[in-house]
Amino acid sequence: MSVSSPRFAVIVFPGSNCDKDLLWGIKNVAGMDAEFVRHDATSLDGFDAVLIPGGFSYGDYLRCGAIARFSPVMEEVRRFAEEGKPVFGTCNGFQILCEAGLLPGVLLRNTSLRFVCETADVEVANASTRFTSEYADGQQLRLPVAHAEGRYTVTDEELADLKANGQIAFRYAKGHNPNGSVDDIAGVTNKAGNVLGMMPHPERAVEKLLGSDDGLPFFTSLINSLQ
Amino acid sequence: MKSTNASAATAEPTAEEVRDTKIYRNWSMTDAEYERAVGMLGRLPNYTEAGLFAVMWSEHCCYKSSTPILKTFPTKGPRVLQGPGEGAGIVDIGNGKAVVFKAESHNHPSAVEPFEGAATGVGGILRDIFSMGARPVAVLDSLRFGELDAAHAKDVDRNKFLVDQVVAGISSYGNCIGVPTVGGETEFDACYEGNPLVNVMCVGLIDVKDIQKGRAAGAGNSIMYVGATTGRDGIHGATFASEEFGEGNETQRSAVQVGDPFMEKQLVEACLDVIHNHNDILVGIQDMGAAGLVSSSAEMASKAGTGLYLKLDDVPQRETNMTPYEMMLSESQERMLLCVRAGHEEEITKIFTAYGLDAVTIGKVTDDGKYTLEHKGQIVADIPVRALTDDAPEYHLPDTEPARLAGLHATDASAAALHITNPSETFLKLLASPTIASKEHIWHTYDSQVLTNTVIRPGSDAAVIRVRDTETALAMTTDCNGRYIYLDPEIGGKIAVAEAANNIVASGATPLAITDCLNYGSPENPEVMYDLKRSAAGISEACRTFETPVISGNVSLYNETSHEAVYPTPMIGMVGLMEHTDHITTQDFTTAGDAVYLLSGSQGIRPDFAGSEVQKLTTGSIGGVLADVDLDDIKKTQDALLTAIRAGLVNSAHDVSEGGVAVALAESAFGFDSKSGTGRNNPQADVLGVDVNLDIDDPLLFAETVGAFVVSVPSSKAAAFEAAVPAATSLGRVTDDGMLTIATRGSGIRVATMSAKKVWKESLACLLN
């Protein structure tokens with residue numbers, strides 16, 4: 001890898017299971033310099049972006065993401081985010097970021113009370129974030145979801161804030177909300193716009209062979225924002 | 001050390017008491033088997049030893065009743081790297097890679113505690129795969145339940161509960177551990193009401209250089225126990241009653257194991273870390289499955305021709321005051337046994353500690369061929385390894401033709417045809433029957449995409465995953481129609497393999513090999529033995545024709561309730577290889593205007609109503625003479641179809657099975673709408689239809705002729721297709737008028753695609769809610 005290539009950290013908690021998928025997407029498909037960083041690591045020096053994968057960290061025992069947020073590496077992720085560097089979490093990664101307080105809101109059990117695995121119709125709600133610049137506002141995407149606890153929930157006040165600050169990055173298409181999330185929200189950023197969490201898996205949609213490459217611009221947006 | 005006859009700290013029966021009270025009978029050991037053990041030892045076995053013999057000589061561990069039959073399966077082939085006998089079979093797929101697969105049943109635990117029974121079924125088969133050094137990449141489930149409507153079930157609520165909980169258990173374990181559940185099948189019949197079948201198949205990928213064996217070789221090397229602690233769960237399964245054991249504080253726990261997918265996830269990663277990065281210090285590795293520690297350790301020693309000395313005090317235990325007997329027979333989940341080169345134990349412990357797991361040395365390999373157990377300063381077992389494994393009894397049990405066959409064969413299957421007066425109505429009823437209806441309600445709860453290799457998700461003839469760093473892909477399916485085998489075990493056995501091969505071929509792959517789960521009733525019933533023998537003969541013949549050796553498998557006997565056995569149900573799990581991902585084909589029509597063809601054997605669609613869904617639907621029962629299948633003829637059809645697919649002439653292919661050609665045409669037209677998320681959506685799917693004309697009488701629309709396919713071909717390639725497959729019959733076209741128009745010599749079928757699809761898609765959810 002050339003010195004100028006941004007370096008990505010893919011965090012691995014015990015029980016993460018989309019870590020290899022994220023690494024494959026960012027490294028093998030997008031061609032970036034990336035490596036795994038263990039949950040007990042105490043430094044993120046040298047990395048330009050942090051990716052938190054899906055899965056069942058610590059078995060999702062107690063509550064999704066509730067144990068992972070106490071992992072040593074999360075102190076570093078917090079510092080990293082406070083420095084304004086990009087942090088992305090998908091699925092369990094989203095849940096962990098919410099539990100850690102780096103993103104507003106919580107993720108509750110799907111209204112169906114069942115695990116749902118499908119390709120969701122997703123809409124780009126804000127194409128001006130560093131994660132979505134390669135999309136157009138309102139662009140329709142097909143992105144896989146696979147979760148039992150994906151019902152994004154915030155207070156009315158928080159929702160008003162999210163809207164006012166343009167923090168809602170993705171919504172499920174009208175009538176295609178798979179989990180009962182408030183306002184059809186599929187992904188949000190923090191107020192500063194450098195932390196994004198979403199339930200859909202963009203890393204599962206980076207190759208046409210597997211059904212959709214609608215997730216690829218997500219990663220190219222992030223890469224471009226680092227160059 | 002004191003003598004082997006000294007009993008353990010708790011008040012266990014003495015060797016004499018074991019003999020006099022015949023307590024071994026409670027462990028399903030016969031008097032003759034006990035005497036055999038006495039003869040081998042040259043003395044009376046103590047309590048622990050008798051328990052080891054009983055479990056190692058159980059059908060579940062040594063296949064004593066089925067071995068003579070299993071030996072008749074073809075198991076060799078040019079690509080086979082590992083046949084039956086190890087954790088799983090292995091087939092070479094080129095590029096230095098191999099596919100590892102096996103299926104296992106978890107019927108009895110699932111009947112008692114469906115959630116944990118099914119979950120631990122997934123966990124167990126995963127361990128078989130990674131114990132070979134492979135990364136598990138896909139899971140398929142073959143499920144059988146009782147009927148879901150009150151009219152045909154004794155306890156319909158119980159049946160619904162079982163479906164719900166089995167599916168939840170599979171979903172819970174598979175989703176958490178992060179191995180995609182990509183396929184399988186679910187069927188319903190009253191015979192499975194008391195005894196549901198839960199068969200799980202796992203497929204793994206491995207670099208050929210990394211293949212492991214479960215061997216405890218090299219005297220002085222260490223035996224290391226890794227993973228979860230040992231508890232009292234699963235000891236002797238359901239045959240062990242609590243009253244017979246433990247007068248004091250220690251009560252027998254439930255026989256059903258509890259799974260911890262998080263623990264297993266860590267176990268997979270740690271074991272693969274050792275195999276890939278520290279292979280120089282690893283001698284052998286094996287899963288602790290059925291009969292836990294004793295089975296895994298004795299088999300490892302047996303395969304290496306060595307002995308073992310184990311110190312049971314060092315076994316990590318989750319409960320207090322466990323006896324040697326309990327430790328050896330516990331079926332606690334998420335445990336593995338490693339044989340490690342002497343002096344390297346700490347390296348192994350360090351690796352496992354990094355994954356938050358225990359790794360403890362519990363013994364050594366010896367060169368005396370003995371299986372020796374020490375506990376609290378005493379030798380509690382001292383048995384030749386061979387006595388427990390290679391020298392287990394083998395029975396050639398008698399068989400007689402089942403009395404049912406004469407009666408079934410006297411039934412006139414063509415009578416079903418008389419009931420079909422309104423084909424459109426029959427058609428919709430078939431689409432709503434739970435066996436034919438869409439299983440989306442089930443697989444919607446399985447993560448089918450994790451690991452990002454899944455190309456074809458559940459719902460088509462076969463699931464397909466790509467093989468990274470190559471142009472190849474693997475197709476996989478499970479199949480078995482128990483009704484056919486009930487009517488004619490041998491022909492039914494042939495059909496089970498033929499249908500699996502049809503599914504693989506329709507997806508564009510060449511069949512490679514099979515695994516099986518042989519689910520039958522009690523082998524002590526000569527009629528069950530007949531079913532087993534004859535269906536095995538049919539399976540063997542078909543495997544030879546399709547060049548798919550049996551590389552692994554599992555036998556599950558005693559699937560009965562109140563002497564009512566399930567249909568003989570040998571589940572066939574087949575894997576095929578696609579040379580190029582361009583060949584991947586699904587059952588879905590893609591383009592209006594495409595030409596639709598029927599590929600069938602030389603006899604076309606025959607009046608095959610015996611054991612069919614339409615017979616069951618219209619007459620309420622099954623019967624008749626099952627027509628024999630011409631395997632060579634089917635193979636020819638398959639080869640022709642594969643040639644056409646590889647030449648890029650085919651847009652879709654679907655085999656004709658339950659519900660006949662009408663259902664096959666409809667399923668091809670249903671495609672999937674935008675909500676289903678199969679990754680093979682077609683915006684046109686909601687309006688696709690078909691306009692075809694079949695030169696048959698109405699009832700034959702539902703005949704289940706084996707070896708027929710519905711194929712769609714771009715109109716520009718129709719001439720090339722007809723040249724490549726001269727036997728294909730042109731039926732008509734894919735349309736965009738949203739209608740299923742199927743003309744026959746009679747009134748035919750005309751139904752809107754969407755209304756038929758609604759019935760098919762929503763039926764199962766309605767029945768289950």
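The report covers the basis of the model, a strand, nonpolar cores, selected residues and salt bridges.

## Basis of the model

This is a predicted model, in which local features need pLDDT of at least 70 and side-chain atom pairs count only at pLDDT 80 or more, while totals for chains, interfaces and linings use all residues. Residues are numbered from 1 along each chain as its sequence is written, chains are lettered from A and ligands numbered from 1 in the order in which they are written, and side-chain values use heavy atoms, with hydrogens and water left out.

## Strand β25 of chain B

Strand β25 of chain B spans residues 709-713, and five of its five residues are buried, so the strand is largely enclosed by the rest of the structure. Buried denotes under 20% relative accessible area, exposed over 50%, and partly exposed the range in between, with a 1.4 Å probe and protein chains only. Helices (H or I, at least four residues) and strands (E, at least two) are DSSP runs numbered from the N terminus. In a regular strand the side chains alternate between the two faces of the sheet. In β25(B), B:Phe709, B:Val711 and B:Val713 point one way, whereas B:Val710 and B:Ser712 point the other way.

Two strands of chain B pair with β25(B), pairing being defined by at least two DSSP bridges between the strands. Strand β22 of chain B (residues 595-599) runs antiparallel to β25(B) and is joined to it by five bridges; within this pairing, B:Ala595 has B:Val713 as its bridge partner. Strand β23 of chain B (residues 652-655) is also antiparallel to β25(B), over four bridges, and here B:Ala653 is partnered with B:Val711.

## Nonpolar cores

The largest nonpolar core contains 98 residues. Such a core is a set of buried Ala, Val, Leu, Ile, Met, Phe, Trp, Tyr and Cys residues joined through side-chain atoms within 4.5 Å. The residues with the most contacts inside this core are B:Phe427, B:Phe589, B:Val596, B:Val661, B:Leu665, B:Phe702 and B:Val710. Helix α20 of chain B (residues 526-546) gives the most to this core, with nine residues.

Contact here means heavy atoms within 4.5 Å. With neighbours within four places in sequence left aside, B:Phe427 is in contact with B:Ala662, B:Val663, B:Ala666, B:Phe702, B:Leu740, B:Ile749, B:Val751 and B:Ala756. Another core lies apart from the largest one and has 67 residues, among them A:Ile11, A:Ile26, A:Cys98 and A:Tyr152.

## Selected buried residues

B:Asn502 belongs to helix α19 of chain B (residues 489-506) and is buried, at 0% relative accessibility. Not counting residues up to four places away in sequence, B:Asn502 touches B:Ile634, B:Gln638, B:Asp655, B:Val706, B:Gly707 and B:Phe709.

B:Leu329 is located in helix α11 of chain B (residues 324-329) and counts as buried at 1% relative accessibility. The C-alpha atoms of B:Leu329 and B:Gly576 are 37 Å apart in space, and these residues are 247 apart in sequence.

## Salt bridges

Over all chains, the structure contains 55 salt bridges, each defined as a side-chain nitrogen of Lys or Arg within 4 Å of a carboxyl oxygen of Asp or Glu. In chain B, B:Glu185 and B:Arg144 form one such bridge, with an N to O distance of 2.7 Å. This pair links distant parts of the chain, with B:Glu185 in strand β5 (residues 181-188) and B:Arg144 in strand β4 (residues 135-145), 41 residues apart. B:Glu185 is buried at 13% relative accessibility, and B:Arg144 is buried at 2%.

A further salt bridge joins B:Lys616 and B:Asp189 (3.4 Å, N to O). B:Lys616 lies in helix α21 of chain B (residues 613-619) and B:Asp189 in the loop between β5 and β6 (197-207) of chain B, so the pair ties together parts that are 427 residues apart in sequence. Both B:Lys616 and B:Asp189 are buried. In chain A, salt bridges with shared partners join A:Asp45, A:Glu76, A:Arg79, A:Glu83 and A:Lys85 into one network.
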